[in-house]
Amino acid sequence: MGVSIDRRLLLNVYSLIYAAGLVLYSGVVTVRRLTGGRRSPLLPRLGLSTIPARAAVERDGPCVWIHAVSVGELNAMRPLIRALSALPRVSLLLSTTTSTGQALAQRDFSEQATIFYFPLDLRRICRRYLRRLKPTLVVLAETELWPNFLTASQLENVPVVLVNGRLSDTSFRRYHRFNRFFHPVIQSVSHFCMQTKEDKQRILELGAEPERVNWVGNLKFDYHQTSSPEQVRLNEALSRILRRQEGDLLLVCGSTKPGEEEQLARVGASLRAAGFSLKLIVAPRHPHRGAEVTELMGGAGFATVRRSTIDIGSQRLPAAEAVVLDSIGELAGLYEIADLVFIGGSLVPEGGQNIIEPAAFGRPILFGPHMDNFREIAAVFTSNYGALQVGSAEELEARLSDLLKDSHAREWLGRNARKVIRDNQGAVDRTLEILKAYL
């Protein structure tokens, strides 16, 4: 299957811009390495020696390459990965873009799939991966529409399905603005399984053919958190560190962003000054910010420790009033021990985060005004009294104060949240039926 001259020209321009960006970014990576900063998975994504050797072995059945960018997408894909791994004769490949996603994939999915980094979006590299791995089907999570990868998949006759698809306001505006370029990219995708009716309408407006688009729901509604022995030990250790006693209440603030932790620290300090016995766990969206967030919490008067400094197997655990969770893949299980949950990225204009993990545990949930990336899900929860939305840190403090006083209100909110989960399940089965047609 060929590529039109007009599309080839646009792809060449894109590739030049992308390559120039990589050159600049490689300088940043070099500086980081020299100064001991965070390492980048840039080199593994070149695929010079990191394409999994096991994948080249002859298979006796279909092979599905699943790509999830990072931790959030991996968690969303858990139920689908579980369902695909249960299919007879199907082998799985699983790629991520970020190092945090790679660490979580290696920890949780290495028995079900071959794990590796997703290639850089350069056509020759993408084709090298596809020819080596020989997938029957590529499954992309949420918004991963890389032009050269999709073109390479088309040239290699490998179908690509976008699952749990969503288009935020920002992504939709960007794709719409450059629709001359993105329209053929959209055409390269064999099928779209979208989270919401609005997401379905948006991908249709961008040029997807109606017969290739389905509204299937959000995979995360089928999420089932199982408490591993390690998670149970962690939950118990953090409860001991926070010296939780009868009357103490724990607020877990998940996936927080810069500018938000200061507000949460002030709210927490104010509530404690008002006489509430409140303990906090704050999980920054990016774990490398652990030291910064710990300093902020300490400045607000909380005796604070970082998860990364704790040996949960030790008999001598530190005492604290707040814990900063600067780790990967542990937040979802911690919602089980929360009395209240705040969803981060929502007091500041960052688009919010997903509500479903704490809702699955039946926890009372609050979030701020900025839930643009999860607008429809947020509306489902608020309209069914499964979560509370506040307009400011001051209103958050007032609502938390009300809930801290009223255990019945907390239980009512939690029950409603769990009911929303039950009423919206089934996305995995609907998605799996579509994927089976390509296997």
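Is E111 buried or exposed? I began my notebook with this residue, bearing in mind that the model is predicted.

**Entry 1: E111**

I located E111 in the loop between α3 (99–109) and β3 (113–117). Its relative accessibility is 79%, and exposed means over 50%, so I recorded E111 as exposed. I then looked up S85, which stands 26 residues from E111 along the chain. The C-alpha atoms of E111 and S85 are separated by 9.8 Å.

**Entry 2: Nonpolar cores**

I turned next to the largest nonpolar core, which has 38 residues. The members that touch the most others are L238, I241, I281, I355, I365, F367 and F381. Helix α9 (residues 229–241) gives this core its largest share, four residues. Apart from this core I found another, of 36 residues, and C126, L150, Y175 and F181 are among them.

**Entry 3: Aromatic pairs**

I looked up the aromatic pairs, and the count came to ten. For F118 and F149, the ring centres lie 4.8 Å apart and the planes meet at 55°, so I noted this pair as tilted. F118 sits in the loop between β3 and α4 (123–133), while F149 belongs to helix α5 (residues 147–155). The pair therefore ties together parts that are 31 residues apart in sequence.

Buried means under 20% relative accessible area, so F118, at 1% relative accessibility, counts as buried. F149 is buried too, with a relative accessible area of 1%.

I also examined F181 and F182, an aromatic pair that is edge-to-face. Their rings are 5.2 Å apart, centre to centre, with 70° between the planes. I recorded both F181 and F182 as buried.

Which residues do ring pairs link into a cluster? I listed W65, F116, F118, Y129 and F149.

**Entry 4: The cavity**

How many cavities of 30 Å³ or more does the count give? I noted one. The largest cavity has a volume of about 140 Å³. Its lining consists of 14 residues, and T196, D199, N373, F374 and R375 lie nearest the centre of the cavity. Helices α8 (197–205) and α14 (375–383) each supply at least two residues of this lining. By class, I recorded seven charged, four polar and three nonpolar residues in the lining of the largest cavity.

Conventions
Residues numbered from 1 in each chain as written. Predicted model: local features only at pLDDT ≥ 70, side-chain atom pairs only at ≥ 80, totals over all residues. Heavy atoms only, no water. Core = buried A, V, L, I, M, F, W, Y, C linked by side-chain atoms within 4.5 Å. Buried < 20%, exposed > 50% of the residue type's maximum accessible area, 1.4 Å probe, protein only. 1 Å grid on protein atoms, 1.4 Å probe; cavity = no way out; pocket = protein on both sides within 12 Å on 5 of 7 lines; lining within 4 Å. Points joined across faces, edges and corners; volume = space filled by probe spheres on them. Nonpolar A, V, L, I, M, F, W, Y, C, P; charged D, E, K, R; others polar. Phe/Tyr/Trp six-rings, centres within 6.5 Å; stacked < 30°, edge-to-face > 60°.
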